[in-house]
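This report looks at the pockets of one protein and at the residues that line them. Please have the sequence and the structure at hand as you read.

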Amino acid sequence: MLVAEASAQVGPQAAPPARKRVTRAEYVIDCNEQVNPDVNVIRFVPTTGQMFDFEPGQFVSISAVKPDGKKIARDYSIYSPPSFRQGFELCVKRVEGGFMSNYLCDLKKGDKINAIGPMGGFVLRRPLPPELFFVSTGTGVAPFRAMLETLLEQGEKNTHIYLIFGTRHPEDIINRSFFEGIEKQHPNFHYLPTLSRAEDSWTGHRGHVQETLSKYLKDPSKKDIYICGLQIMVDQVKDMAVASGVPATSIYYERYD
Ligand SMILES: Cc1cc2nc3c(=O)[nH]c(=O)nc-3n(C[C@H](O)[C@H](O)[C@H](O)COP(=O)(O)OP(=O)(O)OC[C@H]3O[C@@H](n4cnc5c(N)ncnc54)[C@H](O)[C@@H]3O)c2cc1C
């Protein structure tokens with residue numbers, strides 16, 4: 001039996017899930033790169049050669065058999081944009097004592113897994129507002145990388161896009177140089193890594209993601225806020241945004257636990 005122990009939570013104004021064909025298929029690992037001490041970016045290529053269509057922000061469900069014979073499934077947001085047609089990438093954090101996250105991070109080039117996707121309704125709402133905030137901690141950044149690249153590929157220039165990424169130390173920042181490179185090329189993209197335990201040498205934002213967000217909430221009515229990560233962070237950011245005057249209908253979220 002397939003055991004899915006977590007499910008996506010989507011904000012109050014969720015549009016119906018994007019209607020993309022859901023496919024169950026086998027994938028081969030093309031590469032598996034450790035990008036910081038406990039996060040890997042893993043690329044999966046369909047053995048059929050046919051990559052499914054999806055909306056940035058959607059996720060896949062991966063199944064595997066544990067050593068005790070029990071089959072489990074876990075969900076992972078797609079990190080690569082839909083324009084990448086060879087397959088899909090995931091950004092996975094090793095969870096201490098967890099099976100699936102460590103299983104995925106230990107996969108080698110050529111290993112095979114089964115996945116079902118795309119799933120979920122955590123997708124961009126149109127029309128875009130003047131300011132779009134993506135707020136994440138840890139691997140909650142995954143759907144935002146896919147959304148950001150898609151918007152920029154589509155030539156989006158009118159909306160200012162803010163990515164607030166929270167973690168503890170500089171070495172925990174996921175693909176920092178990648179996001180910094182995009183910020184240099186696109187004046188409407190603002191990358192705001194925020195560290196809760198930064199050393200004195202850190203010149204960027206400090207504290208928690210909601211503190212950085214609060215600095216940018218001058219006109220709450222012109223913003224959409226997307227939040228992704230663990231429940232405690234999602235709830236804190238949501239509560240702070242609503243208390244600051246952001247309409248609840250402009251807040252969308254996906255919880256990982
Ligand atoms: C819609 C959706 C999308 C997701 N996308 C991602 C993703 O892109 N990348 C990713 O790494 N995880 C993602 N997750 C979490 C993922 O599904 C698993 O829960 C996680 O990998 C732990 O699985 P496990 O079998 O290793 O451990 P389990 O034994 O299932 O989990 C142990 C505990 O780990 C905690 N946990 C779950 N996810 C995380 C996390 N990311 N960081 C810290 N603690 C966590 C939970 O509190 C859970 O109770 C997503 C979850 C959902 C519902």
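## Where the lining comes from

In this predicted model, strand 5 provides the largest share of the lining of the largest pocket, namely four residues. Strand 5 covers residues 71-77, and it is one of the elements that give two or more residues to this lining; the others are strand 6 (88-93), helix 1 (100-105), strand 9 (160-167), helix 4 (209-215), helix 5 (231-243) and strand 13 (251-255).

The domains can be followed in the same way, for the lining of the largest pocket draws at least three residues from each of domain 1 (3-119) and domain 2 (131-255).

## The largest pocket

The volume of the largest pocket is about 1,400 Å³, and 47 residues line it, with K93, G138, T139, L230 and Y256 lying nearest its centre. When the lining residues of this pocket are sorted by class, 17 are nonpolar, 19 are polar and 11 are charged.

## The second largest pocket

For the second largest pocket the volume is about 150 Å³. Its lining consists of F54, E55, P56, P82, S83, V123, L124, R126, T150, E153 and Q154, and by class these comprise five nonpolar, three polar and three charged residues.

Technical notes
Residues are numbered from 1 along each chain as its sequence is written. This is a predicted model: local features need pLDDT of at least 70, side-chain atom pairs count only at pLDDT 80 or more; totals for chains, interfaces and linings use all residues. Side-chain values use heavy atoms; hydrogens and water are left out. On a 1 Å grid over the protein atoms alone, a cavity is a set of points where a 1.4 Å probe fits but cannot get out, and a pocket is an open set with protein on both sides within 12 Å along at least five of seven lines; lining residues have an atom within 4 Å of a point. Grid points are joined across faces, edges and corners, and a volume is the space filled by probe spheres set on the points. Ala, Val, Leu, Ile, Met, Phe, Trp, Tyr, Cys and Pro count as nonpolar, Asp, Glu, Lys and Arg as charged, and the others, Gly among them, as polar. Domain bounds come from an automatic or database domain assignment.
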